[in-house]
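I opened this entry to keep track of what I looked up, going from the whole chain down to single pairs of side chains. What holds the parts of this chain to one another, and what is left on its surface?

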Amino acid sequence: MAWFHHILARYDTTIWIRVIGTILTTFAGFMLRPFLAFYLYDKMDGNLLVAAMVTSLQPLTSIVSGYFAGSLSDRYGRKPLMIAALLIEAISMAGYIWAESIFTFAALTVLNGVGASLFWPAASAQITDVVPEEKRSEVFALLHTALNLGAAAGPLIGVAIYKINPAIAFGLCSCTLFVYSLLIFLKIPETLPDHIRAQAKQSAKTAQGPRLKLSEHPTLFWMTLAAIPVSLLYSQVEIILPQHLRTQYTDFLNVFATLMTINGVLVVCCQIAIAKFAERFPAHRVILVAYLFLACVGFGYGWAPGFLILVLAEILFTIGEMLYGPQIQKAISVMAPEEYRGRYFAIFGANWGITGTIGPSVGAVAFRGIGGAFWFSILGLLLFIGGLFQYRFVKKATLAKHTESGQSLSQ
């Protein structure tokens, strides 16, 4: 048992609570998440465009409220924002059980977007607060592994629950979000540095605190823009890929759930090892490789002649995901000034909001107009181009930061 105690001692208690909470919420969430689009599709009388538009309200709300969430976490702390966010999401998930009209679905989706926008900037900034730079990609990888523990089992269980009664999945998701908020309230201390809190309180008496002008942080803006093809692919995997599979497979729900399960199992088994291996190389090179893998996935999803090629594409997707996520989050954490950590993660996270807002509708129109094969091929091309630009921006950002601190960037 010595190895177990060694692992426990390796990370702060805050990290382990985050891991436990992530497993709880994602297990329930992934029973629901793959099938939310189908649920709305059925409720909207088979209108894919209307279902996509309702789905896009959540990320649209996140864009609008995300920046303010980052600012609030930099001023008032990470803990209260995270608790409030989880409670808001729990209420919205419970509300889906009784929702019937399009207006009710829209209101609940907006509420869910507010909760999501409050949580992630504060949660990512919290990791930056408590984890030394050299361990950050490893911790982000650990949290990604926890995320996929739920993803590994959730979809296949979700298929069975969805066929019985979708309300069960919504109820479980709401309960686990509430339990996670309780764990944070009872077990996690505030991590916002004292001098930043004092500075925020002092500036609040006279002004609104230190403002982040995006024009003064151009690299952050361009990195966010270059990340859009990645998040756009994710939005299509959740909304359009199932519809594409429907045209090719009779039992498309099980095919889709199997692909997601493969993704989850591989991440659980390999994420930490791949993150440690990737640490040997400069972040910009690792991220470029990730983009190239994801570009191949776009073409693979579009033109796979059979199930085995789909599985291969999913394996490439998983490797790309495991390389990209921890490294890009670490890059943001390294380049973010201490007083702007929440806002940096909020602004970068806007790439998910942008694609989540326009992605479902654009994907629905493209799917109807040119078909899934050509649409996923276009995504593959965008990922290739985006990877070349992201390589340049990440290299510039990390080089500038390490030069500032007197360190040299290994080539």
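For the pairs of opposite charge, I counted a salt bridge wherever a side-chain nitrogen of Lys or Arg comes within 4 Å of a carboxyl oxygen of Asp or Glu. By that criterion the structure holds 3 salt bridges. I keep in mind throughout that this is a predicted model.

**Entry 1: the whole chain.** I looked up the secondary structure and found 15 helices and 0 strands in the protein chain. Of its 411 residues, 57% count as buried, and the chain exposes about 17600 Å², of which carbon and sulfur atoms supply 70%. I then turned to contacts between residues at least 6 apart in sequence, and 86% of these join residues at least 24 apart.

**Entry 2: the salt bridges.** I began with Asp 129 and Arg 78, whose closest N and O atoms are 2.7 Å apart. This pair links distant parts of the chain, since Asp 129 lies in helix α5 (residues 102–130) and Arg 78 in helix α4 (residues 78–96), 51 residues apart. Both Asp 129 and Arg 78 are buried.

Next I checked Lys 276 and Glu 138, whose side chains meet in a salt bridge at 3.3 Å, N to O. Lys 276 belongs to helix α11 (residues 252–278) and Glu 138 to helix α6 (residues 133–164), so the pair ties together parts that are 138 residues apart in sequence. Lys 276 is partly exposed, with a relative accessible area of 43%, whereas Glu 138 is buried, at 10%.

The side chains of Glu 279 and Lys 330 also meet in a salt bridge, at 3.2 Å from N to O. Here Glu 279 sits in the loop between α11 and α12, while Lys 330 is in helix α13, 51 residues away. I noted Glu 279 as partly exposed at 31% relative accessibility, and Lys 330 as buried at 15%.

**Entry 3: the nonpolar cores.** Which residues touch the most other members of the largest nonpolar core? In this core of 67 residues, they are Met 223, Leu 233, Leu 245, Tyr 301 and Tyr 324. Helix α13 (residues 307–335) gives the most to this core, with 10 residues.

**Entry 4: Leu 72.** I placed Leu 72 in helix α3 (residues 48–76), and it counts as partly exposed because its relative accessibility is 34%. Leaving aside neighbours within four places in sequence, Leu 72 is in contact with Gly 77 and Leu 81. Between Leu 72 and Gly 342 I noted a C-alpha to C-alpha distance of 8.1 Å, although the two are 270 residues apart in sequence.

**Entry 5: the nonpolar patch.** On the surface I found a nonpolar patch with about 1100 Å² of accessible area, its members including Leu 292, Phe 299, Trp 303, Ile 370 and Phe 389. The elements that give two or more residues to this patch are α12 (283–303) and α15 (372–404), and α15 gives the most, with 8 residues. I looked at Phe 299 on its own: this residue lies in helix α12 and, at 40% relative accessibility, counts as partly exposed.

Methods: Residues numbered from 1 in each chain as written. Predicted model: local features only at pLDDT ≥ 70, side-chain atom pairs only at ≥ 80, totals over all residues. Heavy atoms only, no water. Helix = DSSP H or I, 4+ residues; strand = E, 2+ residues; numbered from the N terminus. Buried < 20%, exposed > 50% of the residue type's maximum accessible area, 1.4 Å probe, protein only. Contact = heavy atoms within 4.5 Å. Areas by Shrake-Rupley, 256 points an atom, 1.4 Å probe, with all protein chains shown as cover. Core = buried A, V, L, I, M, F, W, Y, C linked by side-chain atoms within 4.5 Å. Patch = residues over 30% accessible without salt bridge, like charges linked within 9 Å, V, L, I, M, F, W, Y side chains within 5 Å.
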